[in-house]
Amino acid sequence: MSRTSKRRGARRNQATGPRISGYRGIAIFLFAISGIINVLALTGSFYMLQIYDRALTSGSIPTLAALSALAVGLYLFQGLFDILRSQILVRIGARIDNELAPLAHRVAIDMPRYGYSTAEALERGRDVDTVRGFLAGPGTVALFDLPWMPLFLGFVFLLHPWLGLMTTAGALVLVGLTVATEILTRKVSNEMHQAAVKRSILADSNARNADILRAMGFGSQAVRRFEAANTRHLALQTRTSDIAGSFSGISKVVRMMLQSALLGLGAYLTIIGDLSAGAIIACSVASARALAPVDTAIGNWKGLVSARRSLARLDETLSTLDDESDVIDLPNPVADLKVESIAVVAPGSGAVLLSEVSFELKAGQALGLIGPSGGGKTSLAKGLVGVWPLLRGSVRLDGAELSQWRSDALGTHIGYLPQDVALLDGSIAENVSRFDPAPDARRIVAAAKAAGVHDLIVRLADGYQTALGPSGTNLSAGQRQRIGLARALYGNPFLIVLDEPNSNLDAEGEAALTQAIVSVRERGGIVVVIAHRPSALAAVDVVGVVQGGKLVAFGPKNEILPDIRRPVAVPAAMGAGAGAGASLLRAGAAVAGPASV
């Protein structure tokens with residue numbers, strides 16, 4: 001691991017604390033409000049005590065009216081504080097969502113690079129929803145009320161020690177049920193979550209491959225796989241709900257039995273003269289309030305477990321974010337690309353796909369990468385642009401490692417066209433401009449013209465404002481590839497990496513591709529092209545052969561591929577980088593050499 005990576009890792013771990021501690025003050029404030037609410041909740045007990053022991057015994061209507069007016073006022077204050085607490089919790093949930101959802105989505109975008117499925121990545125967004133929903137629900141209110149149980153127990157003790165002991169015993173039983181619920185549901189809840197993720201993975205995979213399932217008639221097999229995963233998820237969910245529901249039912253029975261026992265004990269104490277009639281009612285009200293948070297917590301335990309698990313994952317998510325606040329903006333790269341002994345591993349499996357690859361390209365050069373399928377060409381391309389993290393080695397632009405740039409700033413210097421071109425849901429103009437918040441129409445048109453797709457776009461009914469739909473499915477594969485090329489060329493980036501850029505192109509598209517590569521070289525950019533068709537190599541001057549995860553050959557095109565027909569001189573405007581051996585292959589020329597193209 002490089003020194004930069006270690007420094008960033010330390011910053012990431014430190015960045016989590018402030019986000020969590022920022023809510024401690026609000027939590028203390030809510031705890032104080034909960035104290036006021038719980039003190040005011042004693043209104044009913046005191047009211048009953050005074051009604052039975054003072055108003056009824058004295059027969060005074062003014063006393064009854066005064067007590068009632070005071071009780072109504074206290075109840076209104078309790079209701080206002082209850083509303084205030086509820087609204088604060090809702091707004092805290094919204095604030096957490098507003099702060100964490102974009103950060104969680106950033107991580108979700110990165111997770112597939114490390115071997116996670118799309119469904120697993122989207123779970124980070126659902127975690128934010130889970131936490132927000134729990135904060136606005138009764139479970140959080142019960143957690144703030146639980147610490148105030150001793151207040152009500154103390155009140156019952158003041159009425160009579162026996163009543164206090166019985167209420168305390170009932171509270172201990174309910175707390176024991178809560179602990180048992182936690183112990184029995186923890187493992188099952190984790191298994192249920194994993195089953196839910198697996199079900200989501202299958203659903204996402206089936207939806208993405210709907211055409212294949214329909215065309216080749218194995219949709220029923222896909223449904224059966226989903227059904228098996230869904231059945232397991234439902235079984236675990238049912239088991240979790242059964243455990244939580246059973247303990248919730250038991251806690252309600254215990255509460256009702258305790259209420260009746262307290263009434264019975266209170267009646268006995270009244271008969272023997274140790275308790276007043278009003279104290280019986282006051283004890284019943286206070287004990288019910290004391291035990292209600294425990295009962296509510298048990299009833300919402302499933303949500304509590306989910307929220308706690310989501311919080312843990314979000315904390316883990318935040319710890320992976322790069323803190324780029326102290327990264328210095330570097331000057332735009334203009335000189336060279338250096339690849340120094342890089343190794344690339346497969347996300348998830350950790351298998352080494354590429355190792356000890358080194359080369360250097362100067363401004364104005366274009367490299368064509370050839371070799372057998374599975375040799376490591378695409379892995380090299382993803383390593384060059386930072387899509388896949390490097391196991392070791394470095395990729396440098398003008399001597400600076402990629403990690404020394406802020407990610408947004410680095411993106412303006414890189415253009416990338418992957419094998420599977422995916423356009424985002426939006427207009428053509430938005431996709432070409434990479435959803436720039438302040439797009440320049442002239443740069444959009446210039447990129448489209450450089451990719452040879454401007455005329456195709458303006459022939460569409462809505463031109464550059466044509467809505468593409470999810471993944472750009474409204475266009476053909478060739479049209480998507482050419483718009484993807486325009487996106488890669490937008491803003492004249494210094495390094496452009498094209499992975500099989502002509503796989504879906506016709507002759508007109510291939511000619512536009514060749515001209516685009518020539519134009520990049522003429523302005524002093526660097527192009528890396530992965531090719532299986534010889535026409536993609538027409539404008540490159542350097543060729544590398546990737547085989548078995550190694551760069552087995554690298555050099556001028558006319559030395560690596562000796563059978564070049566009708567070479568054409570490279571224009572001088574391409575710069576000093578296009579040195580000895582630089583020549584152009586005419587589109588469609590047959591190429592033979594150490595590796596077939």
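# Briefing: cores, helix pairs and selected residues

Leaving aside neighbours up to four places away in sequence, valine 453 is in contact with Ala448, Arg482, Ile483 and Ala486. The structure is a predicted model. The points below treat its nonpolar cores, two pairs of helices, two buried residues within helices, and two strand residues with a positive phi.

**Nonpolar cores**

- In soluble globular proteins, nonpolar side chains tend to be buried together.
- The largest nonpolar core has 43 residues, and the members that touch the most other members are Val432, Val453, Leu498 and Ile517.
- Helix α19, which spans residues 507-522, gives the most to this core, with 5 residues.

**Helices α7 and α11**

- Two packed helices are described by the angle between their axes and the distance between the axes.
- For helix α7 (residues 149-159) and helix α11 (residues 277-299), the axes come within 9 Å and cross at roughly 160 degrees.
- Angles over 145 degrees count as roughly antiparallel, and α7 and α11 are therefore roughly antiparallel to each other.
- The crossing in which α7 passes α11 is left-handed.
- On the α7 side, the residues that meet α11 are Met149, Phe152, Leu153, Phe155, Val156 and Leu159. Their partners in α11 are Ala279, Ala282, Cys283, Ala286, Ser287, Arg289, Ala290 and Val294.
- By residue type, the contact of α7 with α11 divides into 12 nonpolar, 1 polar and 1 charged.

**Helices α8 and α10**

- The axes of helix α8 (residues 161-208) and helix α10 (residues 219-271) come within 9 Å, crossing at roughly 170 degrees.
- That angle makes α8 roughly antiparallel to α10.
- The residues in the contact of α8 with α10 divide into 29 nonpolar, 12 polar and 6 charged.

**Two buried residues in helices**

- Proline 293 is found in helix α11. With a relative accessible area of 7%, proline 293 is buried, because buried means under 20%.
- Proline 293 and leucine 146 are 147 residues apart along the chain, yet their C-alpha atoms are separated by 5.6 Å.
- Not counting residues up to four places away in sequence, proline 293 touches Ala142, Asp145 and Leu146.
- Arginine 85 lies in helix α4, which covers residues 61-110. Its relative accessible area is 1%, and arginine 85 is therefore buried.
- With residues up to four places away in sequence again left out, arginine 85 touches Leu30, Ile33, Ser34, Ile37, Val141, Phe144 and Asp145.

- Most residues other than glycine have a negative phi.
- Serine 341 is not a glycine, yet has a positive phi of about 50 degrees. Serine 341 lies in strand β1, residues 336-345.
- Serine 341 has a relative accessibility of 31% and so counts as partly exposed, a term for values between 20% and 50%.
- Glutamate 356 is not a glycine either, and has a positive phi of about 50 degrees. The place of glutamate 356 is in strand β2, residues 352-362.
- The relative accessibility of glutamate 356 is 43%, so glutamate 356 counts as partly exposed.

Terms used
Residues are numbered from 1 along each chain as its sequence is written. This is a predicted model: local features need pLDDT of at least 70, side-chain atom pairs count only at pLDDT 80 or more; totals for chains, interfaces and linings use all residues. Side-chain values use heavy atoms; hydrogens and water are left out. A nonpolar core is a set of buried Ala, Val, Leu, Ile, Met, Phe, Trp, Tyr and Cys residues joined through side-chain atoms within 4.5 Å. Buried means under 20% relative accessible area, exposed over 50%, partly exposed in between (1.4 Å probe, protein chains only). Helices (H or I, at least four residues) and strands (E, at least two) are DSSP runs, numbered from the N terminus. Contact means heavy atoms within 4.5 Å. Axes are lines fitted to C-alpha atoms, for helices over the stretch in contact, and angles run from 0 to 180 degrees between N-to-C directions. Angles under 35 degrees count as roughly parallel, over 145 as roughly antiparallel, 65 to 115 as roughly perpendicular and the rest as oblique. A crossing is left-handed if the near helix is turned anticlockwise from the far one by less than a right angle, and right-handed if clockwise. Ala, Val, Leu, Ile, Met, Phe, Trp, Tyr, Cys and Pro count as nonpolar, Asp, Glu, Lys and Arg as charged, and the others, Gly among them, as polar.
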